[in-house]
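Work through the exercises below with the sequence and the coordinates at hand.

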Amino acid sequence: MSLTAVEVKKIAHLARLAINEADTPKYVSELSTILDFVAQMDKVDTGSILPMAHPLDVTQRLRADEVTEPNQRELFQSIAPSVESGLYLVPQVIE
Amino acid sequence: MKWETVIGLEVHCQLTTKSKIFSGAATAYGAAPNTQACAIDLGMPGVLPVLNIEAVHMAIKLGLSIDATISPHSVFARKNYFYPDLPKGYQISQFELPIVSQGHLDIDLEDGTRKRVGITRAHLEEDAGKSMHEDFNGMSGIDLNRAGTPLIEIVSEPDMRSAKEAIVYLKSLHALVRYLGICDGNMQEGSFRCDANVSVRPLGESKLGTRCELKNLNSFRFIERAINFEIARQIELIEGGGTVIQQTRLYDADKNETRPLRSKEEANDYRYFPDPDLLPVAIEQALIDKVRLELPELPQQKCERLQKQYELSAYDASVLVSSRELADYFEATVKQAQVSAKLAANWINGELAAALNRHNLEITASPITPAQLADLLRRIADNTISGKIAKSVFEILWESKESVDSIIEKQGLRQVTDSSAIEKMIDDILAANPQHVAEYRSGKDKLFGFFVGQVMKASGGKVNPQQLNDVLKKKLAGQ
């Protein structure tokens with residue numbers, strides 16, 4: 001299975017990664033190699049095996065429903081580029 | 001051509017946990033911006049989400065109440081997209097292995113039939129923050145208090161065939177989650193939100209038409225209007241030779257129209273994958289059995305019980321069970337008043353509901369308690385006051401802290417049942433209207449109502465109507 005340059009550019013856009021036009025062929029070929037490897041694994045019959053969602057063979061520990069986090073807004077906002085009235089300010093997102 | 005509408009609904013319910021789904025920050029509504037957003041909610045590097053056990057219990061409750069499969073093995077996944085109110089760049093949700101699947105909800109339609117709506121799945125996920133786009137000099141303000149609030153997303157099969165059916169389903173689901181105590185159902189605050197997938201196809205066609213997803217639906221009334229607008233739009237488009245394009249559309253309540261949403265993440269390419277920060281969730285049968293024992297009486301069970309136990313009509317019972325609190329109010333009233341349940345149902349669904357509505361109050365905030373209403377109903381039942389006078393007492397009771405009996409005494413509203421007093425009043429009226437008496441006696445029966453009216457007027461409505469009728473009939477007959 002081979003990726004096209006258009007698909008690679010789309011993936012990069014979705015991940016918000018900037019890639020140079022010149023580098024695109026290299027990404028196309030390297031990412032395609034990975035997919036080819038996955039395709040190879042796909043050939044193994046795994047019908048009777050439970051899909052593995054996590055490499056550790058343990059299950060999720062659950063926490064009690066208790067409020068344990070105090071308000072640390074000032075601390076968190078001290079590293080924010082811009083805040084106003086307690087809100088984080090970001091470039092306008094609505095069109 | 002005849003068209004058939006096909007509707008599927010996705011409902012997001014905020015769960016009523018005290019803390020967030022993956023962090024110990026509070027979830028209370030209305031806090032100052034960003035005071036309930038901790039390092040985990042902000043997506044700070046190095047943090048680890050840990051699942052809230054109560055959210056899992058609530059999902060199991062929902063699953064059991066819709067006869068669904070509770071997955072013994074369920075997995076959280078990352079849904080990737082970029083938006084400022086989603087600090088991590090992904091939402092933790094469930095994709096391939098949701099906690100609840102293959103359930104159904106039976107809904108009672110207006111025509112008395114019961115319809116089964118399939119529920120494909122219900123999964124746990126985290127809510128995003130809120131963006132505010134005004135007043136920040138061209139910037140957007142972000143409040144992340146809501147980020148990480150637990151949601152359960154309930155996805156129905158495309159089983160609804162009209163906007164009306166969709167609303168019945170939503171109201172049933174709304175009542176259910178409130179009965180279960182897993183969601184407060186507050187639509188204004190966004191605790192219960194709905195997206196609708198709407199398509200049309202020629203009647204008899206089995207293949208589904210292309211659907212549009214409607215968003216921004218925050219009241220039952222708007223949902224119904226938005227769906228009906230969208231149905232009409234799609235039919236008009238197709239009949240005009242066009243084709244429906246699959247897209248997300250926003251409902252604008254002011255203009256009563258839907259319009260395409262800007263393409264936020266063009267192809268909706270969320271690139272789901274299992275979240276490596278979270279291990280698979282194992283749910284043992286013992287836990288499911290334990291939660292099953294905690295299930296309250298559900299709306300449909302309660303509705304059937306009220307009809308049977310109190311001999312109420314299906315309609316009265318269905319109105320009373322629309323919320324658990326209303327049904328509780330009814331049962332408390334009947335128990336204390338020891339009057340007919342029908343009388344109590346009439347007053348609660350009539351006078352009380354209207355007054356609550358006028359004052360925009362929930363039943364839990366009613367200024368008249370079940371005990372007070374019970375006092376009032378007892379005085380109607382024992383003929384101390386008439387039903388009509390009772391409405392005046394009700395109004396005074398609404399505003400004051402006085403007891404029913406003291407209102408009746410102070411305002412002199414006690415019904416006149418003393419027959420000599422009633423006879424005296426009737427004699428006066430008959431003497432003052434000799435012409436009408438003569439006409440009545442010569443066969444104008446309809447004038448009976450006139451005499452009743454006159455006596456009622458003279459007595460301020462306080463004469464016992466039954467007694468008045470009996471005595472008046474005798475007097476007019478010349479006895």
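A contact means heavy atoms within 4.5 Å. The model is a predicted one, in which local features need pLDDT of at least 70, side-chain atom pairs count only at pLDDT 80 or more, and totals for chains, interfaces and linings use all residues. Residues are numbered from 1 along each chain as its sequence is written, chains are lettered from A and ligands numbered from 1 in the order in which they are written, and side-chain values use heavy atoms, with hydrogens and water left out.

**Exercise 1.** Describe the fold of chain A, from its elements to its overall spread.

Solution. Begin with the secondary structure, where helices (H or I, at least four residues) and strands (E, at least two) are DSSP runs numbered from the N terminus. Chain A has three helices and three strands, and their order from the N terminus is α-α-β-α-β-β. Next take the radius of gyration, which is computed over C-alpha atoms and compared with a globule rule of 2.2 Å times the number of residues to the power 0.38. For chain A the value is 22 Å, well over the 12 Å that the rule gives for 95 residues, so the chain is more spread out than a compact globule. Its C-alpha atoms fill a box of roughly 55 × 45 × 25 Å along the principal axes. Then turn to the contacts of chain A with a separation of 6 or more, of which 30% come from residues 24 or more positions apart. Finally, buried residues (under 20% relative accessible area, with exposed meaning over 50% and partly exposed in between, for a 1.4 Å probe and protein chains only) make up 20% of the 95 residues in chain A.

**Exercise 2.** How many residues does each chain bring to the contact, and what area is buried between them?

Solution. Count the residues to begin with: chain A gives 40 and chain B gives 55. The size of an interface is often given as the accessible area lost when the parts come together. Here buried area is the accessible area (1.4 Å probe) that two parts lose on being put together, summed over both, and for chain A and chain B it is about 4000 Å², with 63% given by carbon and sulfur atoms. On the side of chain A, the residues that lose the most area to chain B are A:Gln60, A:Arg63 and A:Asp65, together 19% of what that side buries.

**Exercise 3.** Where in chain B do B:Asn256 and B:Asn383 lie, and what are their phi values?

Solution. B:Asn256 is placed in the loop between β14 (247–252) and β15 (257–260), and its phi is near 50 degrees, a positive value in a residue other than glycine. B:Asn256 is also partly exposed, at a relative accessible area of 33%. B:Asn383 belongs to the loop between α9 (370–381) and α10 (387–399); its phi, near 70 degrees, is likewise positive in a residue other than glycine, and its relative accessibility of 40% makes B:Asn383 partly exposed.
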